[in-house]
Amino acid sequence: MIGGGYVGLVSGACFAEFGVHVAIVETNPQRLHALRNGEIPIYEPGLDALVASNTQAGRLTFGDDIAHAVTGADAVFIAVGTPPRNGDGAADLQYVHAAARQIAHALTGYTVVVTKSTVPVGTSRRIAAIIRETRPDADFDVASNPEFLREGNAIGDFMRPDRVIIGLDQEKTRTDGRAEAVLRNVYNKISHTGATLLFTGIETAELTKYASNSFLAMKISFINEMADLCEKLGASVEDLADGMGLDRRIGREFLNPGPGYGGSCFPKDTLALSRIAQEAQSACRLVETTVLVNEARKAGIAGRIAALCGGSVSGKTIAVLGLTFKPETDDMRESPSLPVLHRLAEAGAVIRVYDPVAMNVARPLLPAGVIYCEDALSTAENADALVVLTEWDEFRALVPAELAQRMKNGVVIDLRNIFDPSAIRTVGLRYDSVGRL
């Protein structure tokens with residue numbers, strides 16, 4: 001497994017749990033040191049125990065020597081970062097290409113080189129070309145095997161997936177089935193959970209990841225627009241989402257309104273798919289609009305807070321619960337909290353914040369002067385407004401009467417709809433939520 005980041009570490013640990021011997025290659029010295037000492041550099045529930053048990057069993061190892069790891073391997077997974085390229089949003093493939101060259105030098109026998117990273121269509125074939133250029137004598141095949149891991153539930157998603165998508169060179173597979181046989185063996189125990197192993201062409205597998213994430217992002221932007229409409233018409237977005245979700249063709253997941261999507265996947269993948277489509281001269285207007293709708297929503301949240309604070313937040317104390325883009329992760333990438341807090345700070349607000357796991361990660365990203373609190377209740381001390389940005393379960397357990405005692409006669413701005421409106425209003429606080437009365 002080339003890359004010990006989120007995808008590589010979770011995938012490697014889960015493969016090891018299924019009995020596969022996995023060598024994770026990590027070239028970042030600090031991260032490698034942490035992993036070798038049993039320290040998990042990312043927050044993912046259950047991952048520390050999974051890594052510890054499989055390391056102790058000898059099925060999971062960490063190192064920085066690609067040649068040593070690749071020697072004798074049946075399959076080599078590339079799981080390095082593909083961040084957006086500055087300027088146009090396209091995926092930056094420099095780390096993928098570098099890994100391909102290093103793998104080529106290390107190949108010793110027949111090997112399947114598998115792209116696990118999220119990459120544009122054509123990348124796997126480019127990897128094959130790089131390996132052939134570097135090692136004309138190499139005996140290998142390439143495959144695309146996109147990941148579908150939700151942060152906070154990644155282990156469950158890997159070990160009990162809806163589907164496993166594997167893209168192969170279909171023309172070659174018809175005459176030489178070695179690559180399919182290797183990957184069926186790698187995923188043997190997962191297939192026994194009932195998951196579908198879907199074999200496709202390479203280009204189809206690469207595109208499926210972008211299409212899936214963009215469709216889910218589109219559902220979020222759609223329900224956010226419906227929430228705005230519900231507020232104008234006096235309807236309930238929660239009942240609307242339930243009514244839509246009961247239709248099996250639509251489903252209830254990702255129909256929860258909020259301050260906009262964030263994280264490492266949806267923002268990056270929607271931009272990348274838009275770029276892929278433009279380069280193919282087949283523009284995806286729905287995806288492009290989804291990006292615009294989401295950016296506008298995140299940009300407008302600070303204005304909504306100011307309006308509920310009488311038109312200005314200058315000199316007012318704003319308590320913020322939750323900084324990550326979703327619960328059960330410490331990921332701050334593209335989190336709605338970032339533009340919201342920076343705009344509030346620019347408008348002169350006094351900002352108090354609390355997040356259960358991301359305080360240290362958030363500090364270098366947030367404005368100077370932000371006050372970091374020890375728990376949710378203390379964050380509300382003397383607040384003119386309490387804003388819920390992330391739906392951590394511990395926030396749902398807050399007692400409205402205790403909030404009222406800590407706050408001024410202010411407003412609770414529940415951007416995740418986690419509180420009972422009547423319970424908040426009963427204790428004398430004003431209450432605002434998304435798409436419901």
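I settled my terms before looking. On a 1 Å grid over the protein atoms alone, a cavity is a set of points where a 1.4 Å probe fits but cannot get out. A pocket is an open set with protein on both sides within 12 Å along at least five of seven lines. Lining residues have an atom within 4 Å of a point. Grid points are joined across faces, edges and corners, and a volume is the space filled by probe spheres set on the points.

I noted what I was working with. This is a predicted model, where local features need pLDDT of at least 70 and side-chain atom pairs count only at pLDDT 80 or more, while totals for chains, interfaces and linings use all residues. Residues are numbered from 1 along each chain as its sequence is written, and side-chain values use heavy atoms, without hydrogens and water.

**Entry: cavity**

I searched the whole structure and found one cavity of 30 Å³ or more. The largest cavity holds about 40 Å³ of space. I listed its lining, which includes Thr-115, Ser-144, Glu-206 and Lys-209.

I looked up the second largest pocket and read a volume of about 470 Å³. It is lined by 21 residues, and the closest to its centre are His-21, Val-22, Ala-73, Asp-74 and Ala-75. Two or more lining residues come from each of β1 (22-25), α4 (66-70), β3 and α9 (178-186). I took these elements from DSSP runs: helices are H or I of at least four residues, strands are E of at least two, numbered from the N terminus.

**Entry: sheet**

I followed the strands next. Five of them form an open sheet in the order β3-β4-β5-β6-β7, with mixed pairing. Two strands pair if DSSP finds at least two bridges between them. β3 (75-78) and β7 (196-201) are at the edges with a single partner strand each, so one side of each has no neighbour in the sheet. β3 pairs with β4 (residues 111-115) in the parallel sense, over four bridges. I found Ala-75 opposite Val-112 in β4.

**Entry: cysteines**

How many disulfides are there? I counted zero, taking a disulfide as a pair of cysteine sulfur atoms within 2.5 Å. The sulfur of Cys-265 is 16 Å from its closest cysteine sulfur, in Cys-14, so that is too far for a bond. For Cys-284 the closest is in Cys-265, at 18 Å, also too far for a bond.
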